[in-house]
Amino acid sequence: MNFSGIYGHDIQRGRLETLFRRGTVPQTMLFTGMTGTGKFRVAERFLMAFFCEGKPAPCLDCAPCRQVQKDIHPDFIAVRPNERGIIPVGSEEKKERGSVRWLIERLSMKPVSGATAVIVDGIDRVTEEGQNALLKTIEEPAHTTKMILIAEAKSRVLPTIVSRSIEIPFNPLPDGHVLKILEAANIDPDIRRLSAFFAGGSASRAFQLSDVAFREKLFALCADISGALNRRQAPLIPGDLPGKLVSPDVLLDLMLVIYSKLLQSGLRGEELPGELPRELLVEDIDLEARLIKILLALKRGQSHNLNFRIALKGLLYSLYFEGERAHQGPLVFDI
């Protein structure tokens with residue numbers, strides 16, 4: 001099977017190729033793992049093979065392959081989160097394109113080519129109501145339908161959907177692969193080294209960090225928090241948060257990776273990239289570990305639609321007790 005141009009995931013690609021060659025592809029598969037590691041590209045390339053008219057499949061050059069790549073194939077359906085980072089349920093009256101109810105109605109139609117291929121890129125971004133609505137389609141799919149569900153957090157997918165799917169977990173990309181992807185996009189060498197270091201194995205995060213305006217806002221936020229921990233003074237959280245450029249989930253992911261990488265490097269005595277702003281460093285390892293726990297708690301709370309700014313303020317106040325315990329005076333955060 002032709003997976004040219006896709007980095008990493010040799011084991012996963014080999015398993016998919018075996019399923020295709022043997023004709024034992026399950027009707028529903030669940031790809032799990034970190035965002036930005038290529039799960040969608042692997043899913044798209046795999047499903048493309050069912051429509052391909054050339055060899056080796058997918059050839060990428062025949063008419064069906066080109067249609068899938070342009071997202072205009074009549075029987076290839078890709079559903080992704082909207083600008084709010086969710087896949088909406090949609091109403092019975094108005095089944096908006098890209099919603100769960102629109103997908104259910106679309107799958108009830110007879111395929112033009114004789115087969116239907118579906119990617120739901122973010123099944124964990126569908127509410128419980130939406131997942132329940134989709135469950136019957138997953139339980140009783142048409143024999144001509146192949147569906148791949150993609151999730152970063154399997155814990156946010158209904159157990160009934162997980163149990164009816166064949167899961168294929170994906171690992172983070174090695175830094176070397178992320179560097180090659182950035183190099184192919186002509187990203188400046190200094191920027192790609194720093195971006196790959198903090199990407200945590202995610203190419204999409206690396207590209208976000210390659211954006212100068214976004215990176216400066218993100219680093220300013222982290223530097224203010226780190227400086228407050230070091231000085232035991234109140235941070236002045238910027239009013240123009242980078243969360244306006246990306247979703248809170250993505251912002252928290254990046255902050256978690258930044259502080260986790262810094263903590264790991266400090267514990268292991270590893271050399272940090274020369275391009276790294278030293279203002280990001282936290283001097284007290286214990287406080288840095290507690291900050292990471294706070295960010296993890298905030299990320300879990302995002303499923304309850306918490307206000308990012310208010311929640312961050314409340315959770316940072318818990319570091320007050322860390323200051324008292326160390327007899328260095330309380331940490332006071334005025335966000």
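## Surface and overall build

The chain exposes about 16,400 Å². Carbon and sulfur atoms supply 52% of that area. The model is predicted.

The chain has 335 residues, and 49% of them are buried. Its secondary structure consists of 14 helices and 5 strands. Take the contacts between residues with a separation of 6 or more: 70% of them join residues 24 or more positions apart.

## Helix α2 under cover

Helix α2 runs through residues 39-48. It is mostly covered, with 9 of its 10 residues buried. Which residues are they? The buried ones are Lys39, Phe40, Val42, Ala43, Glu44, Arg45, Phe46, Leu47 and Met48.

What covers them? Helices α1 (10-22) and α3 (63-69) are part of the cover. Strands take part too, including β1 (28-32), β2 (76-79), β3 (116-121) and β4 (145-151).

## Arg106, a buried charge

Arg106 lies in helix α4, which spans residues 100-107. Is Arg106 buried or exposed? Arg106 is buried, yet it has no salt bridge. The nearest side chain of opposite charge belongs to Asp75, 4.2 Å away.

Which residues does Arg106 touch beyond its neighbours within four places in sequence? Arg106 is in contact with Pro74, Asp75 and Ile77.

Notes: Residues numbered from 1 in each chain as written. Predicted model: local features only at pLDDT ≥ 70, side-chain atom pairs only at ≥ 80, totals over all residues. Heavy atoms only, no water. Helix = DSSP H or I, 4+ residues; strand = E, 2+ residues; numbered from the N terminus. Buried < 20%, exposed > 50% of the residue type's maximum accessible area, 1.4 Å probe, protein only. Lys, Arg positive; Asp, Glu negative; His and termini not counted. Salt bridge = Lys/Arg side-chain N within 4 Å of Asp/Glu carboxyl O. Contact = heavy atoms within 4.5 Å. Areas by Shrake-Rupley, 256 points an atom, 1.4 Å probe, with all protein chains shown as cover.
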